Amino acid sequence: MATLAELATSHTALGEPAVDHLLRLTASWSLLADLSFSDLLLMAPAVDDESSYVVLGQIRPNNRSTMLNEDLVGTMHHASEWSHAASAFTDGVRVTGETRLEFVDEPVQIWAIPVRFADRVVAVLVRLQGPLRGPSSLYERVYLSIFVRLCDMVAEATFPFREEEVAGPGMPRVGDGIILLEDDGRVQFATPNATNALHRLGIYSAVEGHTLVELGQRVRAVERALNFALPTMEEVDRGHDVAILFHCVPVIADGHVTGVIVLLRDVSDLRQLNRVVLHKEAAVREVHHRVKNNLQTISSLLRLQARRSDEAETRTALLEAERRVRSIAVVHEVLSREPGEDVVFDEIVRSLVMLVEDTVLALHPVEIVVNGDLGVLATDVATPLAVALAELLTNAVEHAFTEFGGAENEHVGVVTLNLYRRDGEAVAEIRDNGRGLGDDFSLEVPTSLGLSIVRDLIRAQLHGTITMTSMPYASGGGTFVRVVLPLAPRR
Ligand SMILES: Nc1ncnc2c1ncn2[C@@H]1O[C@H](COP(=O)(O)OP(=O)(O)O)[C@@H](O)[C@H]1O
Ligand SMILES: [Mg+2]
């Protein structure tokens, strides 16, 4: 469906500022539809045919059933069938009457209100209402009187407001409660829902004839609307549990504020919900934080234990265990900063590389180069993958260059970690330019702990594949490890 801006550009001669004005009008016209219990249309003359009008917008009331089942937006109508709209446009005055429309069975009450912008009528606001049934209630009469005042503002180009950035979802609606204030701030009228909202704020006395300040509730938004003729919005809280949103629309006539429409909405439940969500997030963050601290404690204990051990083998085993715990801690470090179901894996990779670099007391200088990244991964993929990569990187640094001698050797050890995604899979490749794997090496024979852990994590836990191969001397030698993980489709 075409937007108002698209329709206006393709079908009317309206310039951009005028179209913006109409956009602002339709952003806040649900108020008009509800106050008048009517369907509203926004119409403007067609650019190529002065006797035709195009419907730029349509809105139905929330508090009445609609008269228009059709979607008229974008349709063209001849001026002769819409004489009220046509004369409102040409004469610049409000025209009311009764009409018959092809798509409505009964006669229709029609109001055509000129929409003025920059001293020019740019469109017509059309109100359509079925035959009136029965006497109207006090509320209906008050609503209608407010509607009339707003229509005058539309014709005087003071409604919609230029500053109206407060419209949009979450904005109070008529059904939420209305207070009508006089030009001195006294309450002229309050709907039952508005009265309920005031009760929530602790105002129980009769409000008519009093200002909010007299009633014990100062609302700056109301004062600003009265004093500066600007639409305003403010959330008024009472204790922790009550929050009422005040949306103030000044009523202006002949350049003076003659009253303020205050729309009230009880947003206490929303606030409460927000608080619960915030609380949950804080709790999750706290848990990650504690897990991280506990892992650090475990790793310190293992390190202490390793230092006390006289046997080299025991010490190595304890230090390896310590390193594994630390690689898990790296993931939790990232999680405790940004809790959630997903993690930016790149941050984990950076910490892992640092971890490997300073864990392995390299007998040989080794450089670790990372290319690419895996983007965002689910935490239940990120944690095992991080541990596996830590093992593989450690192996490369630890075993690949043992035959090349000490730091004085010319050969520079390079370990490359390539990370990339390809349709539905995450790929990690670790390549070193070291001595390669021994002839009797087999990934399938479960002997050493490190690769057993890797195999288990990649295949059993992540349902991925891992291959390890020695590269021929001609292509640089060394070991090439490729890990491929299937990624679940993103939720
Ligand atoms: N990148 C590599 N280059 C050379 N040899 C490797 C490499 N990765 C693993 N290996 C060999 O595989 C063996 C098993 O590794 P692992 O299971 O991690 O045990 P550990 O590291 O404790 O020796 C290593 O001892 C080593 O001989
Ligand atoms: Mg190892």
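**Ground rules.** I number residues from 1 along each chain as its sequence is written, letter chains from A and number ligands from 1 in the order in which they are written. For this predicted model, local features need pLDDT of at least 70 and side-chain atom pairs count only at pLDDT 80 or more, while totals for chains, interfaces and linings use all residues.

**Domains.** I found the protein chain divided into domain 1 (4–156), domain 2 (174–266), domain 3 (269–340) and domain 4 (341–491); the bounds come from an automatic or database domain assignment. I then looked up where domain 1 meets domain 2: eleven residues of domain 1 are in contact with nine of domain 2 (C-beta atoms, placed from the backbone, within 7 Å). On the domain 1 side, α5 gives the most, with six residues. Helices here are DSSP runs of H or I, at least four residues, numbered from the N terminus. The C-alpha centres of these two domains lie 28 Å apart.

**Ligand 1.** I listed 14 residues around ligand 1, and Asn395, His399, Ser448, Gly450 and Leu451 come nearest; the shell takes residues whose C-beta atom, placed from the backbone, lies within 6 Å. My next stop was α11, which supplies five residues, the largest share of that shell.

**Glutamate 214.** I located glutamate 214 in the loop between α6 (192–200) and α7 (220–228). I noted it as partly exposed because 13 other C-beta atoms lie within 10 Å (20 or more would be buried, 12 or fewer exposed; C-beta atoms are placed from the backbone). Its C-alpha atom is 48 Å from that of alanine 86, 128 residues away along the chain.

Technical notes:
Helices (H or I, at least four residues) and strands (E, at least two) are DSSP runs, numbered from the N terminus. Two residues are in contact if their C-beta atoms, placed from the backbone, lie within 7 Å.
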